[in-house]
Amino acid sequence: MRRVRLLFVLLLLSSPGMLYSNIFKGSIVDEKGNPVAYATIFIHELSTGVSANEYGEFIITLDNGVYTCEVSSLGYKRVRFTVEIWSHTVTRRVVLEEEV
């Protein structure tokens, strides 16, 4: 039993980032409230991003911090904003304006 506890403690200590990971999720819609399928959410500080699903929903795991996000999709103006991640889940609704 001691070995199991020791192994568990070592596992937790070896990956501290897992203890502080949070969920940033949300939806991307147009001005009429319709989902923008497959829009891209880029996190500048990490040089990475995710794509929304067919319903305009996205989810990404982030450590505590402040991040600059940029959302884009073909036919829409880019939206750039800052998000602060200090709790377990942060939800954001992003509205994209059509490009004329």
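**View 1. Ile 28 and its contacts in the predicted model.** Ile 28 touches Asn 34, Pro 35, Val 36, Ala 39, Ile 41, Ala 52, Gly 56, Phe 58, Val 71, Val 94 and Leu 96, with residues up to four places away in sequence not counted. Contact here means heavy atoms within 4.5 Å. This is a predicted model, in which local features need pLDDT of at least 70 and side-chain atom pairs count only at pLDDT 80 or more, while totals for chains, interfaces and linings use all residues. Residues are numbered from 1 along each chain as its sequence is written, and side-chain values use heavy atoms, with hydrogens and water left out.

**View 2. The largest nonpolar core.** This core has 21 residues. Phe 24, Ile 28, Ile 41, Val 71 and Val 83 have the most contacts inside it. E1, strand E2 (40-43), E4, E5, strand E6 (79-85) and E7 each supply at least two of its residues. A nonpolar core is a set of buried Ala, Val, Leu, Ile, Met, Phe, Trp, Tyr and Cys residues joined through side-chain atoms within 4.5 Å. Buried means under 20% relative accessible area, exposed over 50%, and partly exposed in between (1.4 Å probe, protein chains only). Strands are DSSP runs of E with at least two residues, numbered from the N terminus.

**View 3. The aromatic pair Phe 24 and Phe 58.** One aromatic pair is counted. The ring centres of Phe 24 and Phe 58 are 5.3 Å apart and the planes stand at 70°, so the pair is edge-to-face. Phe 24 lies in strand E1 (residues 21-30) and Phe 58 in strand E4 (residues 57-63), so the pair ties together parts 34 residues apart in sequence. Both Phe 24 and Phe 58 are buried. Rings of Phe, Tyr and Trp (its six-membered ring) pair if their centres lie within 6.5 Å; planes under 30 degrees apart count as stacked, over 60 as edge-to-face and the rest as tilted.

**View 4. The open sheet E4-E1-E7.** Three strands form this sheet, with mixed pairing. E4 and strand E7 (89-96) stand at the edges with a single partner strand each, so one side of each has no neighbour in the sheet. Neighbouring strands are turned by 25° against each other on average, direction ignored. The axes are lines fitted to C-alpha atoms, and angles run from 0 to 180 degrees between N-to-C directions. Two strands pair if DSSP finds at least two bridges between them.

**View 5. Bridges on either side of E1.** E1 and E4 run antiparallel, joined by seven bridges. Phe 24 has Ile 60 as its bridge partner in E4, and Gly 26 stands opposite Phe 58. E1 and E7 run parallel, joined by eight bridges. Here Asp 30 stands opposite Leu 96.

**View 6. Glu 70 and Arg 78.** Glu 70 sits in strand E5 (residues 65-72). Its relative accessibility is 14%, so Glu 70 counts as buried. Its side chain makes a polar contact with the side chain of Arg 78 (2.7 Å). A polar contact is a pair of N or O atoms within 3.5 Å; within protein, one must be able to donate a hydrogen and the other to accept it, and residues adjacent in sequence count only if both atoms are side-chain atoms. Beyond four places in sequence, Glu 70 contacts Thr 40, Ile 41, Phe 42, His 44, Arg 78, Val 79 and Arg 80.

Notes: Helix = DSSP H or I, 4+ residues; strand = E, 2+ residues; numbered from the N terminus.
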